[in-house]
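Trainee: I would like to learn how to read the features of a model like this one. Could we go through it feature by feature?

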Amino acid sequence: MDDIVVGPLDLAARVDDALAVQALAFGLTEEEIAVRRHIVLRHLASRGSRALGATTGSGRLVGFVYGMPNDRGHWWSGVVEPYLCATGTDGWLDDSFVITELHVHPDFQKRGIGRSLITTITDSAAEPRSILSAIDAESPARALYRKLGYRDLARPVHFPSAPSPYVVMGAPLPLLG
C-alpha cells in the first residue's frame, strides 16, 4: 500500500470522487451514478453511518468503504430478509454492521487496500458481526470476503433492477487476518 493512507472520509464532501471510483470498479453508467449519489447521501444520515477512504499522498481517492449498523427498516434489509428467512439466517439482520459499499480503483486493486478498508471500518464496530451483499460470482472480492471470515448466508438474491444475482454474506467480528 506504499503511499496509500486509509483513514476517515467525509463521504458527503467527496461523494463524486467516491462514485467515480465505484463507476470504474463496478462499471456504472452516468444514470446509475446519479441514482447512487442520492442513495449514498441518504445513507449518510443513518444512525452510526461512517466512511473510510484510501488516498494517495497527493489526496487522490483510490478506494472507499462505508457502512452502518443494520436496520431492518432499511430498503436493503427488506429485500434480503425473505432470502435469509428461507435459509434460517435472518437473525444476521440484528446486531450487525452492514458494509454498504466497498470499492477500489482498478489500477490500485490487489495491493491490500480493500482488506485494509473493510477490516479498519469493522474493527471500530460495536456490533458482534458484519453482513454485506456481493455479486454472486467467483471474484477477487468474494475470495477476500471468505479469507476475512465471511460465509454465504443466502443466494441467489435478486435485487430489483439488478441484472446479476447477489449473495448475502456474514462474518463474526473482528474479521480474520
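Trainee: Is Asp 90 buried, partly exposed or exposed?

Mentor: Keep in mind that this is a predicted model. A residue under 20% relative accessible area is called buried and one over 50% exposed, with partly exposed in between. Asp 90 has a relative accessible area of 24%, so Asp 90 is partly exposed.

Trainee: With which residue does Asp 90 form a salt bridge?

Mentor: Side chains of opposite charge can pair when their charged atoms come close. Here the partner of Asp 90 is Arg 72, and the closest N and O atoms are 3.9 Å apart. Because Arg 72 lies in the loop between strand 3 and helix 3 (75-86) and Asp 90 in the loop between helix 3 and strand 4, the pair ties together parts that are 18 residues apart in sequence. Salt bridges with shared partners join Arg 72, Glu 81, Asp 90 and Asp 94 into one network.

Trainee: What is the N to O distance between Arg 72 and Glu 81?

Mentor: The salt bridge between these two side chains has an N to O distance of 2.6 Å. Arg 72 has a relative accessible area of 29% and is partly exposed. Glu 81, at 26%, also counts as partly exposed.

Trainee: How many salt bridges are there by this rule?

Mentor: The count comes to ten salt bridges. One of them joins Arg 37 and Asp 16, whose closest N and O atoms are 2.9 Å apart. Arg 37 lies in helix 2 and Asp 16 in helix 1, so this pair ties together parts that are 21 residues apart in sequence. Arg 37 is partly exposed at 34% relative accessibility, and Asp 16 is partly exposed at 47%.

Trainee: Which residues of helix 1 are buried, and what do they pack against?

Mentor: The buried residues are Val 15, Ala 18, Leu 19, Val 21, Gln 22 and Ala 23. They pack against helix 2 (30-43), strand 3 (61-69) and strand 4 (96-104).

Trainee: Where is Val 62, and what does Val 62 touch?

Mentor: Val 62 is in strand 3. Its relative accessibility is 0%, so Val 62 counts as buried. Leaving out residues up to four places away in sequence, its contacts include Ile 4, Val 21, Ala 54, His 103 and Phe 108. The C-alpha atom of Val 62 is 9.6 Å from that of Gln 22, although the two residues are 40 apart along the chain.

Trainee: Do strand 4 and strand 5 pair in the parallel or the antiparallel sense?

Mentor: Strand 4 and strand 5 (residues 129-135) pair in the parallel sense, over four bridges. Ser 96 stands opposite Arg 129 in strand 5. With helix 4 (residues 113-123), these two strands make a right-handed β-α-β unit. Strand 5 also pairs with strand 7 (residues 166-172), in the antiparallel sense and over seven bridges. There, Ser 130 stands opposite Ala 171.

Trainee: Which residues does UniProt list for the domain?

Mentor: The unreviewed UniProt entry lists residues 4-174 as "domain: N-acetyltransferase". Over residues 4-174 the chain is 33% helix and 29% strand, and the end C-alpha atoms are 23 Å apart.

Technical notes: Residues are numbered from 1 along each chain as its sequence is written. This is a predicted model: local features need pLDDT of at least 70, side-chain atom pairs count only at pLDDT 80 or more; totals for chains, interfaces and linings use all residues. Side-chain values use heavy atoms; hydrogens and water are left out. Buried means under 20% relative accessible area, exposed over 50%, partly exposed in between (1.4 Å probe, protein chains only). Contact means heavy atoms within 4.5 Å. UniProt positions are given in the numbering used here, feature names are shortened, and annotations may be inferred rather than shown by experiment. Two strands pair if DSSP finds at least two bridges between them. A crossover is right-handed if, with the strands pointing away from the viewer, the path from the first strand over the helix to the second runs clockwise. A salt bridge is a side-chain nitrogen of Lys or Arg within 4 Å of a carboxyl oxygen of Asp or Glu.
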